[in-house]
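Come along and follow the entries.

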Amino acid sequence: MKYIGKKTHRLDGFALSRGRPVFTDDLHLPHMLYLKVLRSPHAHARIKSIDTTAAANIDGIVSILTWKDFPRHYFTSAGQGYPEPSPRDMLILDQTVRFVGDRVAVIAAESLEIAQAALERIQVEYELLPAILDPKASIANPTVIHPETGPVDIYAADRNIAAYFQSELGDVDRGFKESALILEGEYSTPYVQQAHLEPHITLTWLDANGRLVIRSSTQVPFHVRRIVSELLVIPVGQIQVIKPRIGGGFGGKQEILNEELCAAVTLKTGRPARIEMTREEEFYAARSRHPEIIKLKIGVDAEGLFRAVDLNILENCGAYAPHALTVMSVTAQKALSLYRCPNIRVEAQAVYTNLPIAGAYRGYGTPQGIFALEVLMDEIANELNIDPIDLRLRNCQEVGDEIPIAKVLGEGSEGFPIVLHSTGLKDCLEEGRRSVQWQEARQEVKTGPIRRGIGVAAAGHGTGIPGIDMGSAFLKMNEDASFNLLVGATDLGTGSDTALAQIAAEVLEVPVEKIVVYSSDTDFTPFDTGAYASSTTYISGGAVKKAAEKVKEQIFSQGKKLLGVDQAVIRDGFVEADSGERISYAEICTRSMYTDDQMQIMATASHMSYDSPPPFNATFAEVSVDTETGLVQVERIVSVTDAGQIINPPMAEGQVEGAIPQALGMALCEHMIFDEQGAPINTDFTGYHIYTAADMPEIVVKFHEGHEPTGPYGAKAVAEIPISAPAPAVVNAIYNACGVRIRKLPIQPEDILRGLAQLS
Ligand code: SMO
């Protein structure tokens, strides 16, 4: 292949590296209003009265909206396919506030300073309600968080259960009876935040024809258009959503978070409006990863082969439930399909608490489940005295294996049977074993206060949501044999525009520079569900490949026609007859436009898939544990990924290099902390520490290059897979270093010291 698998300049690299005005906020509109949101200081309260008079009297205040200004129309902020599998449990503004940070009022002013000043002048009288801050308490003795009759699809509002499912395949009780060893544990993962560099920001205005324009930092422009249309009761055709360059999302922007508020102000005032979340607001008023408490029980035979797995998930979704059902469904799916097992059972419930709202975050439930599974795997290996890599190898899926749980747990409904067409997990484990010199490292003698250890964990993910994710592409040819590729796919900083250009270039046999990509704008680009579920290369790439094949066919037949031959080949940008006579792409296009046939060479295509091929990863962590202070230092991470055919090696490596610090953050330092009233404590990067360049261990990124037959040129996903295994690998390395077994993240020094004290 000429362009696939090759290093290519990023199409947006020129503009980004020169600081060109490409982001949402780089556009300044005349007479723009600045929005600020008044947020609840209470975790749970009813608004008895709001007096906006004093605020409204400030010079420069243009509009203040409260719950009284909006109809009671329930929706979900989750940017998912329609109908959304998330419960519709929120209002734009409500009379009840359910967490510290919940929206109370929105102020539109001539400047940010004026809006800020008005915040303090709004008089709100609250009737405090009991706050539930603990997910276990939420179901045990509930104060009902959503007692209203309006919400739709809450599983059991009276018990604060937002979503629920259970399932059993095979006979789990019998499986445990047949087991030689049964181990179980309870594992918990924290509230962590996506921490994308660019905050949520939206601009809205009315165009010359009075249509609503929304320019937003979003992963899901088409879902934004649909949901804003529904909420503000204006036709989809009257809305244009523009997604410019995006400074990261990681799932945090798979959400309709401010667009509807900003649009409401523009519709009311006729003026452009701007809303931007502060970094502080990002922590408690945007979205985060669902904390989960997972009980996992595994039964194995004497050889360590799985006989039965019983999984119980308690997911804390916070005050509202966007993605609540689907995230825990992914937790279950990925934890129950990494290894072969005839008997599996799962019960999962998502519960409301008066804490910030969780949502989509890279991995979408997988890191939680893989954490439990891969730590328990290590315990089983130790108990049976089998090498942890060998235990995994024995239980690995093979090509041709069916993944039965995928059929049972779909995206909120029954899914589709998945059969593995490619798996490189064994190769990833073997490659990593060689690379880290596993045997020697494992057996290193541990003495002194600093103990070194090494651990391994594996993970699997998916590639798009089968039967649901859909992408489309429009490709047209220009006289100089360049091509405009218009896609609804949403490059949010990942480089997906470049990957899609490579796919088109490969089909058309033209250099990547000849492909001019535009993404995305609901007026100009065809529909795409958006950038999530690691779907873009596979799903949108599938659409691009089809559209490019159609265009190539047109070029070919036009070329033959212009040459007056029936037989020809495409070679080096020419259509060439057997005689050697040839005509260039450029001439074919030019003559087709101006003199012969008068037609535009162009094509469109849509693509979806009932397959969702799992990519795989094996991560090896080398740590040192200071047994006097309890501090854990990650020395080195070796990450080996099977993502099928890699389209663009540096960009794929970048995905892994970006996932590892996020994973190590969840493992060792990141967690949102709340006081006894449910108020967030650490809402900046001092109190909430993410991995920085200074914290980073040495990273070794490797790919096992396979070929996924259902993917474009053999590709499957790479975006989310590398984030799941590092945390359990670190936990397992700590055990190898000092014998302390961690089951709760993040790992804190006192956990290590307590563990060491119990050992001695
Ligand atoms: S967590 Mo991603 O937006 O699938």
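Entry 1, charges over rings. I looked up Y735 and found the charged end of R741 over its ring, 4.2 Å from the ring centre. A charge counts as sitting over a ring if NZ of Lys or CZ of Arg is within 6 Å of the ring centre and within 35 degrees of the ring normal. K297 lies over a ring face too, that of F176, at 4.6 Å from the centre.

A note to myself on the source: this is a predicted model, where local features need pLDDT of at least 70 and side-chain atom pairs count only at pLDDT 80 or more, while totals for chains, interfaces and linings use all residues. Residues are numbered from 1 along each chain as its sequence is written, and side-chain values use heavy atoms, with hydrogens and water left out.

How many aromatic pairs does a search of the whole structure find? I noted 10. Rings of Phe, Tyr and Trp (its six-membered ring) pair if their centres lie within 6.5 Å; planes under 30 degrees apart are stacked, over 60 edge-to-face, and the rest tilted.

One of them is F99 with Y320, edge-to-face at 6.5 Å centre to centre and 80° between the planes. F99 is in the loop between β4 and β5, and Y320 is in the loop between β14 and α9, 221 residues apart. (Helices, H or I of at least four residues, and strands, E of at least two, are DSSP runs numbered from the N terminus.) Buried or exposed, I wondered about F99? F99 is buried, at a relative accessible area of 2%, and Y320 is buried at 5%. Buried means under 20%, exposed over 50%, and partly exposed in between (1.4 Å probe, protein chains only).

Next I looked up F222 and F527: their ring centres are 5.2 Å apart with planes at 65°, so this pair is edge-to-face. F222 lies in helix α6 and F527 in the loop between β21 and α16, so the pair ties together parts 305 residues apart in sequence. F222 is buried, with a relative accessible area of 4%, whereas F527 is partly exposed, with 34%.

I also wrote down a cluster: ring pairs link F283, F685 and Y688.
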